[in-house]
Amino acid sequence: MTGFTHLHVASAYSGHYGVTRPELLAEAARAQGATALAVTDRDGLYGAVKHIGACLQLGISPIVGVELLVVDEHTSISNRINHTERARVAILAHGSASSSRNQVQPGFGWSKLCAIVSAAQSIRGGFKSSSSKRENPVAIRASELGKLLEDGGCTVLLGSDSDLGRAVADGDRTLAEAALLSWKNLLPKPGVLAVEAVSHLTEPGSDRSTLHARRMLQLADELKVPVVLTNAVRYLSPDDALTADVLDSARFLEPLGMFQPQPNAQAWLKPPIEMQRLALEITDDHSRALKLIETTEKLADRCRLEPTRDCDWGKPKTPEKASLGIEGNPFEVLWKKAQAGIDWRYGHIEGEALARVQHRLSQELITINKLGFATYFLTVADVAQMIRDMRIRIAARGSGAGSLVNYLLGISGVDPIEHDLLFERFLSTERTSLPDIDIDVESARRHDIYRAIFKRYGSNRVTLLSMQSTYRGRGAMRDSGLALGLDDEQIDEIAKNMWRFSARSFRGALETKPELARFAEEVERDRRMNLLVDITERLDRLPRHISMHPCGVILGDSNLLNLTPVEPSGMGLPMSQFDKDDMDPMGFLKLDVLGVRMQSSMAYAVAEIERVHGKSLDLDRIPKDDEATFEAIRTTNTLGIFQIESPGQRELTGKHQPTEFNDLTIQISLFRPGPMKGNMIAPYLDGRQGFATPHYIHPDLKPILQETFGVVIFHEHVLRILNVMTGCTLAKADELRRNLEKPRVAPLVQKFFREKAAERGYSKLVINEVWSILEGFGSFGFCKAHGAAFALPTYQSAWLKTHYPTEFLAGLFTHDPGMYPRRLLLAEARRLGVRILPIDVNKSTREYRVEKVAPLTSNPNEPKIAIRMALNEIQGVSEAELDRIVNEQPFETITDFYHRAKPSRRTLERLALIGALDEVAKQTGEHTRGDIMARVRQLNAIKNRPIADLGQPMLDFSAFNAIALEQMPTGNAEMTEIERVEHELAFTHMDITQHQLEMYRPMLDEMGVVFSDELVGLRNKSDVLVAGVRVATQTPPMRSGKRVVFISLDDGHGCSDSTFFDEAQQRCSHILFNTRLLVIGGKTRRTGIKGVSIMAENAWDIRDLWRQWVAKQGTQPQLAETG
Amino acid sequence: MRVDETVFVSTNKGGEPVGFNWRGIAYLVKARPMRWFARREWWVEASRVQRGVGASLVEVEMWRLQAGRASGTLDSNEAAQFELTRSEDDNVWRLVRVWR
């Protein structure tokens, strides 16, 4: 007896139950001398692929199972189906790697296991909320389990959480015997049922005690059911038991001490010697102990998986030809489609231009053919075509934009020849995994697309992709707080100040982060706070729960559901239990169909242009050199423009001053963690602005690096440099580039580069210099194809904003893209002179519609259109109310509105307060907002409100003149502007009437606060004060590693950006992350022709200043607290 | 009867107690002792639970023994049940309960 195989092990992917990642478990098992290890996660195969991968790497056999609840089904008198719990059992798949003669057909056990898990998941239907999860747990009906295992394929382990285990623990021998007999009846095939003896060395006689295990073993022996030994493992080492306690608390949603905790810390991955000791303790008999271990190993052997045969591991899978509607050789079909694409994309080109396209195309096709990926490309093209046929905007992202085939098939909209992009970065014969093709679509139509994909390929070939979210700082802190029974508010207060650091280093952060200083003091005083820090660190990065991946769809052949278990997703469609990292190992084709709100906004703007002006517009065909668009970008007022609206991008725009499409590609690529850390921005800008002469090292490199003034930014640059200097192919060059990032093989790259470049006659000096750049490049660079793919919607949105600002903003408002709150779009509209019409129950709908309006001034250039704000902006208005308002429009009087729209009291009052009833009231003459409020109060006082039911008989108001009958109160005061803004902010989070800073204007003027658009006219290093509403807080990665905080304020004239370095952070730590209305003082810092930012020295809460100011004035403040 | 006193315990090669001294009297273990692990409520007791702090905050090793006086005046029927804890950190044994 040397080894021992653990057959019952929950990994960290057993949400809120297991503690240790599968990779660590496998490593530990192997270190203990095991030749196989099982992972049996709760309710699914969530950690299975990672487990298999780890085992393969370590050279041990993977065993996979699941821990599931089994229920009995009863039909009650009222014909309702009820389930009663029978047992929680582990179910192990048989494998084809087994050496025994019981060896199963390849894939038989695995597909049975998938079917069992999927069946157990489907019992729940489409409900995913935690409450329904508890009422309706994942479970398999006993009858269904019996049926699925009629012909074998898996072994069910009855342990201490089974009905058998419970009856034994209760000392009810009759019941225990009946339970075991019932299981024997249910699973009669030999080898499908076993009893699991577990001793966690609990108090003698209790559940999971040695005595408990012994009694189970004795009963099983009597009834001739095989017995195996497991340790029902939850964690790697005893120390992890503490973490398991906290996870239990999160699972039960109860603080520690309020539920029955695990009995002790024995559920760890015990080494063979300990397991053998347990066997002896349980059996109290040497030969019986030997047999117990032997039976365990026999079952383990039977369950050894051979992943390639059992799970179709690593083999790329695509839908069958027939399901794609193609006949014959897929490669020929692909070739024909691509040829047809040349006419579509390039029109009638001839001569050298055509030859260039043809040459590039053949190169790509040869690679695709060599890899056998023709079907893959046809699949993606088929999906892209389907999306276009649905009239939904589509764009590619990522390295896929570098492929001409993708362009010709309509998968990508970027011409790789025009933008000088390389195919080899995307696909090469040096790699055999399926490449990633990511597609961006309109976010509002994403679910439609998913449903269409399921319909087109059949639900046996398609599943959604899942995503394991993990504990991060604040989430870890919240659940830790729950476990310790801390007050929610207290936790929120601390969590709010957890800003961009890993919870793993929480204790370290206490000493260095000024905003945590107060909490750090508490930690020293309060024992529970001290514990909070430790368990937050323990939880960090553990898997937390599974959810639908925001964009992944798996496309396979009709065998897909035999390879992956599925469960219902939030949107109802089945979702694989595997996540994105599991796709490559399993050989699954994953398509990223990402919903991009900007695409929806642009589609909306285009539709509004067509509706209002009768002009149809194809955004994909607008000229890409529109001077007005670039001029507008250069002003740095880029709010709402894709990718370049963040404060940092705005600052960069000011310095960079882009003049052509390629500039956008470069700018988007530069503002990434890699290029920023790699210090690429400054030298590039210096070269561009002529402050420095571009240095190309060698004339051969000039053509490659001319576009970036000698700075190596793109992966494509590296590929070309290697290609030119070593003579290797671009495909090989991309392999070298990838290896540059791996410290272990990077020296080989260096050797190759130096040798080959020397052979080709480059001097030692040149080689040294180029190598130092390549070496430093490492992971810093960016893929140009990706940048170019992003630059397209950037340009398109900038173009719309320049030429159709009203329609474009209406699109932004409706689909809410971007990083800023909607109220900032209002400020931008004011700045652009786009008119905003207030919410009006007669005109507003669920969307921000463009309305034709009469001009307010005699200025002939004044736009004759405006944006009508949407109804759904008002907090607390129900969907049903919105439906009624929109369906019953227009209304003649407030009373008419009251009767037909049937608003709740609260809704009616809110509508009145924000002025949405003003226009209705106007139809019966002039009324103040006070009069309207008075009328609303009268209506709200009526006891019997109109019932919101379609069937009720209703007074026919058209029969008499409602307007004449309306009795409006008179003589009530008008609402002040300040009051209006307060109500608007309270109920719509937007300051519609005027910018909310205006109410503090007298104080701000007295203080000498400047507007953000005045900053550009100030001298460098002037002392200034700016004020505004916080719109963004960022702590981007810095080269120095020191934290810098950027705060952007909106003051109605644009945005100001302030930078807080260490000292300033210390000085205003209390308001750094939380305060909304701020005054910031500091020195101006010129960053470019149009760029000015502020080096902050101090910051204050406006409301504090206001209270002091008002007190100083000796008057009472006219406004209540806001924000 | 609940007690909480340090006792001196002698063990065999396997670490199982074979006898102990309590209040000046030597006791001999008469039957196979039973070891088990009881729960501790670290969230009430501990002030730090950082990674690697160990399981001793979660559980405590317990021994249930049938033992009688070593000085043979009384016969073995006199055996009582004792419950001891052993601290893994310092190998200190404490007697916590006695059933007579």
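Q: In which sense do strand S21 and strand S22 of chain A pair, and over how many bridges?

A: As a general idea, the strands of a sheet pair through backbone hydrogen bonds, in either a parallel or an antiparallel way. Here S21 (residues 1077-1086) and S22 (residues 1092-1101) of chain A pair in the antiparallel sense over nine bridges, where pairing requires that DSSP finds at least two bridges between two strands. Strands (E, at least two residues) and helices (H or I, at least four residues) are DSSP runs, numbered from the N terminus. Within this pair, Gly1081(A) stands opposite Asn1098(A) in S22(A). Before we go on, note that this is a predicted model, in which local features need pLDDT of at least 70 and side-chain atom pairs count only at pLDDT 80 or more, while totals for chains, interfaces and linings use all residues. Residues are numbered from 1 along each chain as its sequence is written, and chains are lettered from A and ligands numbered from 1 in the order in which they are written.

Q: In what order do the strands of the barrel of chain A close?

A: Five strands close into this barrel in the order S18-S19-S20-S22-S21, with mixed pairing. Neighbouring strands of this sheet are turned by 55 degrees against each other on average, with direction ignored; axes are lines fitted to C-alpha atoms (for helices over the stretch in contact), and angles run from 0 to 180 degrees between N-to-C directions.

Q: Which strands stand at the edges of the open sheet of chain A?

A: The open sheet has three strands in the order S15-S17-S16 of chain A, and its pairing is mixed. Strands S15 (835-837) and S16 (849-852) of chain A stand at the edges with a single partner strand each, so one side of each is left without a neighbour in the sheet. On average, neighbouring strands here are turned by 40 degrees against each other, direction ignored. S16(A) and S17 (residues 865-868) of chain A run antiparallel and are joined by four bridges, and Val850(A) stands opposite Ile867(A) in S17(A).

Q: At roughly what angle do the axes of H9(A) and helix H19 of chain A cross?

A: These two axes come within 9 Å and cross at roughly 90 degrees. The helices H9(A) and H19(A) are therefore roughly perpendicular to each other, since angles of 65 to 115 degrees count that way, whereas those under 35 count as roughly parallel, those over 145 as roughly antiparallel and the rest as oblique. Val246(A), Ser249(A) and Ala250(A) of H9(A) make the contact with Asp479(A), Ser480(A), Leu482(A) and Ala483(A) of H19(A), contact being counted if the C-beta atoms of two residues, placed from the backbone, lie within 7 Å. These residues divide into four nonpolar, two polar and one charged; Ala, Val, Leu, Ile, Met, Phe, Trp, Tyr, Cys and Pro count as nonpolar, Asp, Glu, Lys and Arg as charged, and the others, Gly among them, as polar.

Q: At roughly what angle do the axes of helix H42 and helix H44 of chain A cross?

A: The axes of H42 (residues 905-913) and H44 (residues 929-941) of chain A come within 10 Å and cross at roughly 175 degrees, which makes H42(A) roughly antiparallel to H44(A). Among the residues of this contact are Leu908(A) of H42(A) and Val936(A) of H44(A), and by class the contact has six nonpolar, one polar and two charged residues.

Q: How many residues does the contact take from chain A and from chain B?

A: The contact takes 24 residues from chain A and 23 residues from chain B. On the side of chain A, H9 (241-252) and H23 (527-539) each supply at least two residues, and H23(A) gives the most, with seven residues. That side has twelve nonpolar, six polar and six charged residues.

Q: Where is Ile697(A) found, and what is its phi?

A: Most residues other than glycine have a negative phi, and most peptide bonds are trans. Ile697(A) has a positive phi of about 65 degrees although it is not a glycine, and Ile697(A) is found in the loop between helix H31 (681-688) and helix H32 (702-705) of chain A. The peptide bond from Gln889(A) to Pro890(A) is cis, with omega near -5 degrees.

Q: Over which residues of chain A does pLDDT stay under 50?

A: Where pLDDT is low, the predicted coordinates should not be read in detail. The value, which is the predictor's confidence in each residue from 0 to 100, stays under 50 over residues 125-132 of chain A. The mean pLDDT of chain A is 89, and 94% of its residues reach 70 or more.
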